[in-house]
Amino acid sequence: MTEQSPQTTASEFNQNAAIFRLLVSAVKDYAIFMLDPNGNVLTWNEGAQRAKGYTADEIIGKHFSTFYTQDAKDRRHPQHELEIAAKQGSYEEEGWRVRKDGTMFWASVVITAVRVEGRLVGYAKVTRDLTERRIAEQQKEIDAKILAATNVELGQALEVKTRFLSTISHEVRTPMAGIIGMAELLSVEDLGAENNGIVRSIFESSKRLLQLLNNLLDSARMESGTVSLENRTFPIRAVLGEVRQLVSPDATKKGLNLKGTCDLQIPEELCGDELRVRQVLLNLAFNAVKFTQSGDIDISCVLKSQIDDITLVRFTVRDTGIGIRSEAQAKLFQPFVQAEDATTRLYGGSGLGLSLSKQLVELMGGTIGFESQIDKGSTFWFEVPFQQGKCLV
Amino acid sequence: MTKSIILIVEDDPTLRDLTRRQVKLLGYESVAVATGEEAVEHPREEVVLIFMDIGLPGIDGGHAASIIRETELRSQSKRVPIVALTAHSDRQRAASCGIDDFLQKPALINDIKRILDKWCSSQGG
């Protein structure tokens with residue numbers, strides 16, 4: 001190792017310092033400057049001018065507390081920073097600082113005490129403008145708070161709506177049950193042709209009102225997401241039989257023939273929501289009866305596929321009724337839509353049945369559709385996947 | 001020969017009357033009570049089926065059904081089919097109370113008939 005003369009060291013030091021100063025002065029994204037031991041500005045760089053707005057001439061010799069808010073100055077915060085840096089070697093913080101034009105910026109600050117042979121000669125200060133990041137963070141915090149509050153409000157509104165629906169459903173059902181039940185009892189009595197006709201009208205009207213109410217409540221529940229499925233073991237053939245039995249009085253009155261088969265390959269018991277399957281089947285079956293003047297209604301089911309323990313069943317309701325014009329077919333599953341406006345006047349109904357059926361089938365993970373020919377009839381079908389055999393609890 | 005009686009538990013007087021008339025039309029005798037407490041106390045020797053409303057003042061239909069199931073177990077007596085006849089639609093809870101079947105209001109003659117055929121066809125009138 002060669003011994004170096006003190007002169008060479010000093011010259012090298014000066015040369016290095018010059019290069020270093022050049023580098024620092026050109027840095028644009030960081031304010032890098034020196035303070036004397038009292039906190040007065042000694043040097044200034046491009047980054048400092050950009051961040052704080054002062055030129056070197058304007059700021060050199062001034063105390064660095066110029067960059068602080070009045071409040072921070074009142075708290076002697078700048079002095080504290082220097083004291084901590086002197087004591088611990090350095091001090092770091094993030095906080096608001098003031099530009100020359102009075103605007104504020106969010107600064108990330110590092111102050112390092114500079115010592116030569118143990119003696120404090122000043123401080124190196126590196127400041128970075130992080131205003132954009134800070135504003136983005138604050139916006140995120142505000143957004144999160146607003147979102148949380150909105151969610152709470154939405155949850156409450158939904159809860160009120162659900163409670164309202166369930167109360168109304170219950171309260172309306174009791175008097176409806178009285179009207180419908182009593183009207184039916186009267187309708188089987190012999191009251192004379194005219195009076196029997198009146199009673200029958202009361203009975204039919206109240207049944208229609210109830211069906212409308214049921215569909216409305218279900219649609220609203222569907223919208224609020226409060227319809228849940230109940231998985232229970234159920235006998236699929238019995239459900240088909242019940243549906244035929246339920247539409248049979250109306251069908252018999254119109255002289256329609258009710259028939260149907262259930263694919264022998266379909267297991268006796270399936271696991272799914274019996275009530276919802278029956279509801280959709282009934283909707284389709286009542287529609288079929290309503291729109292058919294003569295011929296027959298076929299309510300059947302076939303095995304579509306069986307993969308592992310999932311049985312896909314296709315239910316069909318075929319009629320020999322008026323059919324649906326192809327122009328009207330596209331909007332058939334939309335709520336409050338019937339094939340023709342005139343249909344409503346002629347056949348009644350809210351047009352909610354099919355849209356609700358579609359929603360229910362889709363909730364069960366299935367699909368629904370139809371084929372129809374004008375004056376020949378329509379076949380409505382839906383496919384639902386069931387777990388084969390008893391439900392696993 | 002023992003009589004076959006349907007026990008009807010219903011707090012609404014109109015619906016109580018209605019169900020009694022529907023059951024009568026189908027050839028069954030009936031007794032009607034208005035509360036769960038009365039239902040639990042009512043002798044069940046001749047009762048072949050209970051139509052149980054769920055929303056009742058005092059103990060509700062589900063609770064009454066559980067008590068009936070407990071006393072049947074204790075006294076080793078026959079298990080009477082209990083069918084919920086209700087405006088509520090909570091089948092799962094009904095099933096957990098020992099209720100065997102579920103009929104939603106309004107129930108028409110055919111609905112009642114289907115239930116009676118299913119649960120007491122042999123005893124029916």
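Select Trp381(A) to begin, together with Arg314(A), Phe315(A), Thr316(A), Gly369(A) and Phe370(A), which are the residues that Trp381(A) touches when those up to four places away in sequence are not counted; two residues are in contact if their C-beta atoms, placed from the backbone, lie within 7 Å. This is a predicted model, in which local features need pLDDT of at least 70 and side-chain atom pairs count only at pLDDT 80 or more, while totals for chains, interfaces and linings use all residues. Residues are numbered from 1 along each chain as its sequence is written, and chains are lettered from A and ligands numbered from 1 in the order in which they are written.

Trp381(A) sits in strand S11 (residues 377-388) of chain A, where helices (H or I, at least four residues) and strands (E, at least two) are DSSP runs, numbered from the N terminus. Is Trp381(A) buried or exposed? Trp381(A) is buried, because 20 other C-beta atoms lie within 10 Å; a residue is buried if 20 or more other C-beta atoms, placed from the backbone, lie within 10 Å of its own, exposed if 12 or fewer, and partly exposed in between. Between the C-alpha atoms of Trp381(A) and Gly369(A), which are twelve residues apart along the chain, the separation is 5.5 Å.

Now show the whole of chain A, which has twelve helices and eleven strands. Of its 393 residues, 26% are buried, and among the contacts in chain A between residues at least 6 apart in sequence, 58% join residues at least 24 apart.

Next, select helix H9 (residues 274-290) of chain A, whose 17 residues should span 24 Å at 1.5 Å a residue, and whose end C-alpha atoms are 24 Å apart, which agrees; the expected span of a helix is 1.5 Å times one less than its number of residues. The buried residues of H9(A) include Val277(A), Val280(A), Leu281(A), Leu284(A) and Val289(A).

Two loops of chain A come next. Arg76(A) lies in the loop between helix H4 (70-74) and helix H5 (77-88) of chain A, and its phi is near 60 degrees, a positive value in a residue other than glycine. With 11 C-beta neighbours inside 10 Å, Arg76(A) counts as exposed. Glu117(A), in the loop between strand S3 (104-116) and strand S4 (119-129) of chain A, also has a positive phi, near 50 degrees, in a residue other than glycine, and Glu117(A) is exposed, with 5 other C-beta atoms within 10 Å.

Turn now to the place where the two chains meet, a contact that takes 14 residues from chain A and 16 residues from chain B. On the side of chain A that touches chain B, the largest share, eleven residues, comes from helix H6 (residues 131-187) of chain A. By class, that side has six nonpolar, four polar and four charged residues, where Ala, Val, Leu, Ile, Met, Phe, Trp, Tyr, Cys and Pro count as nonpolar, Asp, Glu, Lys and Arg as charged, and the others, Gly among them, as polar.

Within helix H1 of chain B, pick out Leu18(B), which is buried, with 25 other C-beta atoms within 10 Å. Which residues does Leu18(B) contact, leaving aside its neighbours within four places in sequence? They are Gly178(A), Gly181(A) and Met182(A).

For the last stops, stay in chain B and select Ile50(B), which is in contact with Leu7(B), Val9(B), Val80(B), Ile82(B) and Val83(B), leaving aside its neighbours within four places in sequence. Finally, go to Pro106(B), in the loop between strand S5 (101-104) and H5 of chain B, where the peptide bond from Lys105(B) to Pro106(B) is cis, with omega near 0 degrees.
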